[in-house]
Amino acid sequence: MEKIESLIEKVLAYNPKANIDIIKKAYIFSREAHCSQKRVEGSPYIQHPISVADILADMKLDSATIAAGFLHDTIEDTGMSAEDIKEMFGVEIAFLVDAVTKLSKVEFMTREEAQAENFRKMLLAMAKDVRVILIKFADRLHNMRTLEHLSEEKQRRIARETLDIYAPLANRLGIGWLRIELEDLCFKTLMPDLYNELQLKVAQRKEESGKFISEVISIISEKLEPLGIDAKIKGRLKHNYGIYQKIIKQKIPFEQVYDVIGIRIITDTVAHCYDILGIIHSLWPLVPGRFKDFISLPKSNMYQSLHTTVVGPSGERVELQIRTKEMDEIAEEGIAAHWRYKEKAARDSKSARFVTWLRDLVKEISDAKEFLEAVKGEVIPDTVYVFTPAGDIKELPVDSTPIDFAFSIHSAVGNRCIGAKVNGRIVPLRYKLNSGDVVEILTSPTQTPSKDWLKFVVTQRAKSRIRQWTRAEERKGGIELGTKLIEEELRRHGLPLAILKSSKMDEVIKGLSIQNIEDLYVLIGYGKISAKQVINKLEPEKEEPVLPKTTTRHVKTKDDIITIKGIDNVLYRIGRCCMPVPGDNIVGFITKGKGVTIHRKQCSSLERTAVDTERMIEVQWSQEGEATSQTKVYLEALDKPGILANLSALISSVNVNIASVKAESTSDKRAWIELTMEVKDKNQLVGLMNKISQMDGILHVRR
């Protein structure tokens, strides 16, 4: 009971009116529910809920959140249900517990899909009540603090997920201390040797810098005291992961990271913040490009502070942050600062500003993996601040373009964007925006998004909207083409168009496991199903008899040599651009109205065409027997008599047939020859090309 009494004292210290009874009740309930359970290292499981509740109390959160912290694992790990929690603790606490509960009973195809769906559902709940993510943060933080008891593989997986998702999300929500601790814990787990080496160097620098920091603080204090400016000054060294990021980003050794030392000055008013900034710049020279005013231009997580780096005493660089007490609280606690015990209406209006971006994402993206990538994109800390012509500020990731800006205003603006003016000057849509740019978007009612935009936009909002549009357009085109193909096939068989709306067609659709007739048209348009297949299912008596395999072995054609994984009877053709042969690494690309085109994986034409990887499918060779495939070989040779005759004789000697030959000579007495040949497989082709390359007069051979 010692720990729970200590926790209650902590809660009463910041909230004398806290509902202590509900916290005690939640503790007792959790202790009883987990009484027979142990953690991996052997300690009683109740230690974990107590630690989670204690972290929430450190955040100075309300009684309901702390109670939910005690109960957050009861639904998943014990026999309790959400209804049990609701009956005993009320709707509010039951919602928080249910929202945080892991979704381990849901079946998914892959671990990645499960992670993405869990994360999406957690953030859906967070969009309704931000306390959900605060409980999840506390849960994750305690798990990270006790990670050493798990297997190395689990440690690395959890640390990677934390570094990719939770730490950036904590940053986006303004909880600075949490981001720093999570990043350092992940760094220690993922790169222990580098972490230990850096920690040793930082400790040495700290010892060396102690006197220097005291000197800087003393100089600033002496200047502020006569002016009557109230300020609290403290020195610090950057956290290990922050220093590591500087080393990687700037590609420099630790010894050259000069702004490891930081000074934070906390004062009483905004006016004094700027006064202190002026005094500091009068004391020491400013490092160009290192001044940032986040007071007049706050970050999206409401972070406000003045940042400047100066060359201090002895030529040592010092980074200074100047802010008010309220700004410091927001910088450290972020959204948690708005969930301290106060009226619900007040805290909702404040916290809503933090999660507006999240609610927008939830509305726009339904696919779990795409949503996860979108959130990752939205929590990137490096940003630029640009203005609308009306003076409104937009915060965008570094390297954002006018298209990203247009979609940040509204989807309709992005969809109709035909151009942009930056600072009154027309710029390309690929232009990378800089902080301070004034951006005006030019639109046209006839303009639509281009798939090429995906090559340079950086925000997930823009990417998602462009993909949605292109998918809708491709589906529309697939429906039109599929409708045309099946109607033509119906006419060819003398069947009425009305059969498409008959119960017989409904049976065919059901038999193909397709939702509706439109989906069938799309599949036909994409070439995944042929119109002839559908007609044969409508009129089975019209199907042509299948010849026994024994009668076709000696005339096996290309229709038999490719297997498309997971799909039967799909129309396909060999790409004329690369002409693959058995043995080549191949891939299928779905072509509207023409089925699947087979390419070599390294085909340059495929790289230019296949922007949409969703249209790529796995294929493999299934050829047996004596069938041959056509392919092309290109030769550079000396233009001399008999070269073609010798070439033809060599090819005939290895039983390879030449389908066609194209040759032309150049003014410098060279010949360019294109051979179309029929070969069994890649091995035969490579062997033949090696022999050709050794012929007298042949300079170069390639496919």
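Helix α13 is followed by K251, a residue with a positive phi near 55°. The structure described here is a predicted model. Within α13, which spans residues 240-250, the residues N240, Y241, G242, I243, Y244, K246 and I247 are buried. The elements that cover these buried residues include α10, α11 (176-190) and α12. Two residues of α13, Y241 and Y244, also belong to an aromatic cluster.

The protein chain as a whole contains 26 helices and 20 strands. Of its 703 residues, 48% are buried. Among the contacts in the chain with a separation of 6 or more, 65% are made by residues 24 or more positions apart.

Two helix pairs illustrate how elements of the chain pack. Two packed helices are described by the angle between their axes and the distance between the axes. The axes of helix α2 (residues 20-33) and helix α4 (residues 63-71) come within 8 Å and cross at roughly 5°. Because angles under 35 degrees count as roughly parallel, α2 is roughly parallel to α4. On the side of α2, the contact is made by I22, I23, A26, Y27, F29 and S30, and these residues meet S63, I66, A67, F70 and L71 in α4. The contact of α2 with α4 comprises nine nonpolar residues and two polar residues, with no charged residue.

The second pair consists of helix α12 (residues 192-224) and helix α14 (residues 270-283), whose axes come within 11 Å and cross at roughly 120°. This angle makes α12 oblique to α14. The crossing in which α12 passes α14 is right-handed. In this contact, I219, K223 and L224 of α12 meet I276, I279 and L283 of α14. The residues of the contact divide into five nonpolar and one charged, with no polar residue.

Aromatic side chains were also examined. A pair of aromatic rings is described by the distance of the centres and the angle of the planes. A search of the whole structure finds nine aromatic pairs. One of these is formed by F137 and Y166, with 6.4 Å from centre to centre and 75° between the planes, an edge-to-face arrangement. The pair links distant parts of the chain, with F137 in helix α9 (residues 131-145) and Y166 in helix α10 (residues 152-172), 29 residues apart. Both F137 and Y166 are buried. Helix α10, which holds Y166, is also among the elements that cover the buried residues of α13.

T401 is placed in the loop between β7 (393-397) and α18 (402-409). T401 counts as buried because its relative accessibility is 1%, and the cut-off for a buried residue is under 20%. When residues up to four places away in sequence are not counted, T401 touches L429, R430, Y431, L433, F456 and V457.

I562 is found in strand β11 (residues 562-564). With a relative accessible area of 9%, I562 is likewise buried. Its neighbours within four places in sequence left aside, I562 is in contact with Y572, I586, I598, V619, Q620, W621 and S622. For one of these residues, Q620, the C-alpha atom is separated from that of I562 by 5.8 Å, although the two residues are 58 residues apart along the chain.

Positive phi values were found in loops as well. Most residues other than glycine have a negative phi. S314, which is not a glycine, has a positive phi near 60°. S314 is placed in the loop between β4 (306-311) and β5 (317-324). At 77% relative accessibility, S314 counts as exposed, because the cut-off for an exposed residue is over 50%.

N655 likewise has a positive phi, of about 60°, although N655 is not a glycine. The loop that holds N655 lies between α25 (643-653) and β18 (657-665). N655 also counts as exposed, at 71% relative accessibility.

How values were computed. Residues numbered from 1 in each chain as written. Predicted model: local features only at pLDDT ≥ 70, side-chain atom pairs only at ≥ 80, totals over all residues. Heavy atoms only, no water. Helix = DSSP H or I, 4+ residues; strand = E, 2+ residues; numbered from the N terminus. Buried < 20%, exposed > 50% of the residue type's maximum accessible area, 1.4 Å probe, protein only. Axes fitted to C-alpha atoms, helices over the stretch in contact; angles between N-to-C directions. Parallel < 35°, antiparallel > 145°, perpendicular 65-115°, else oblique. Left-handed = near helix turned anticlockwise from the far one by under 90°. Contact = heavy atoms within 4.5 Å. Nonpolar A, V, L, I, M, F, W, Y, C, P; charged D, E, K, R; others polar. Phe/Tyr/Trp six-rings, centres within 6.5 Å; stacked < 30°, edge-to-face > 60°.
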